[in-house]
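The sequence and the coordinates are shown here for reference.

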Amino acid sequence: MDQQLKVFIAVAECQSFSQAAAQLHMTQSAVSQHIKSFEKQIGATLLERTNKYVRLNQAGEVVYQHALEITGLYGRMQRLVDDLTNHAAGPLKIGASYTFGEYALPPLIARLHRLYPDIEPDVTIGNTAHIVELVKNNQLDIGIVEGQVKAGRTLTIEEFAEDEMVIVGAHDHEGMTPDSDTLARQLWVCREPGSGTREAAKVIFNQFGITPARMMTFSSTQAIKQAVESGLGLTLLSKLAIQKEVESGTLKVIQVDGLPYKRAFSTVITSSFQTKALQEFLKLLYAKN
């Protein structure tokens, strides 16, 4: 990989020439020279420099995003070539949406490590839209997301498991008649737009003809569970995410006709070329489900 590209990415992420130099085991003057040569090659200034900070300007943001994509493709190319002669090993960049990533992926990674200790998983957790974008930009080898995903020309989407969404309340939530009017009057604690769980909530609200009078947004499933446990309101979550709380009695499922709402977990991949590490991970993923 081009050294100037590597240096530019390090400076952009560290926001410091000195920290980038330490990370790359180079002198600060060598880092500065690489950046100067790179900007000359690109034909534009990419970094704003002051005594207090170093940060990307608009042109720098464009170059940075493409630099990440280039390095992702380069790494994948190298791993594919290595696979021709070697066993499953090396980095495997996995992205997952919160529900699967926080509740189903960790034991799967543990099993992968036991079977293939030379594979080096690097896991990113984010909402569905973010994970899909990272896969599309070749910053992840695979994404695992919930709900509907638009494939486009560059993505391969494959459903591999089913998930169930239910209405959840605190263990002592007062009894109620779960009709549309009553549900609409509740305070709903929901995930942020762009998450698969939020999209599922929209489908369920439409299914019951509900327009919530009050809604509160959290970007963390764990935070939502704690808020609901505290009696803040109701939420819509995957059964996968609330198993421990239901068993311990801190949360309960509100039984409503027409639920649970079923959605799919899917893998998202950009290329038909798969490293051996990715192939072995997919075998474990599909076998488990």
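The lining of the largest cavity has three nonpolar, three polar and two charged residues, where Ala, Val, Leu, Ile, Met, Phe, Trp, Tyr, Cys and Pro count as nonpolar, Asp, Glu, Lys and Arg as charged, and the others, Gly among them, as polar. The residues concerned are R76, D141, I269, S271, F273, Q274, T275 and L278, and the volume they line is about 40 Å³. The model is a predicted one, in which local features need pLDDT of at least 70 and side-chain atom pairs count only at pLDDT 80 or more, while totals for chains, interfaces and linings use all residues. Residues are numbered from 1 along each chain as its sequence is written, and side-chain values use heavy atoms, with hydrogens and water left out.

On a 1 Å grid over the protein atoms alone, a cavity is a set of points where a 1.4 Å probe fits but cannot get out, whereas a pocket is an open set with protein on both sides within 12 Å along at least five of seven lines, and lining residues have an atom within 4 Å of a point. Grid points are joined across faces, edges and corners, and a volume is the space filled by probe spheres set on the points. By this rule there is one cavity of 30 Å³ or more.

| Pocket | Volume | Lining by class |
|---|---|---|
| Largest | about 460 Å³ | six nonpolar, seven polar, seven charged |

The largest pocket has a volume of about 460 Å³, and of the 20 residues that line it, I9, E13, L68, T71 and K93 are the closest to its centre. Elements giving two or more residues to this lining are α1, α2, α4 (58-83) and β4 (119-126), with helices (H or I, at least four residues) and strands (E, at least two) taken as DSSP runs numbered from the N terminus. The largest share, six residues, comes from α4.

For the second largest pocket, 21 residues form the lining, and E146, G147, Q148, V149 and E199 lie nearest its centre. Here α7 (128-136), α9 (196-208) and β11 (261-269) each give two or more residues, and α9 gives the most, with five.

Helix α2 (residues 17-24) packs against helix α3 (residues 28-42) at an angle of about 105 degrees, with their axes 8 Å apart; axes are lines fitted to C-alpha atoms, for helices over the stretch in contact, and angles run from 0 to 180 degrees between N-to-C directions. That makes α2 roughly perpendicular to α3, given that angles under 35 degrees count as roughly parallel, over 145 as roughly antiparallel, 65 to 115 as roughly perpendicular and the rest as oblique. With contact meaning heavy atoms within 4.5 Å, F17, S18 and A21 in α2 meet Q28, V31, S32 and I35 in α3.

Most residues other than glycine have a negative phi, and most peptide bonds are trans. Q15, in the loop between α1 and α2, has a positive phi near 55 degrees, and H25, in the loop between α2 and α3, has a positive phi near 60 degrees. A cis peptide bond with omega of about 10 degrees joins L259 and P260, and P260 is found in the loop between β10 (251-254) and β11.
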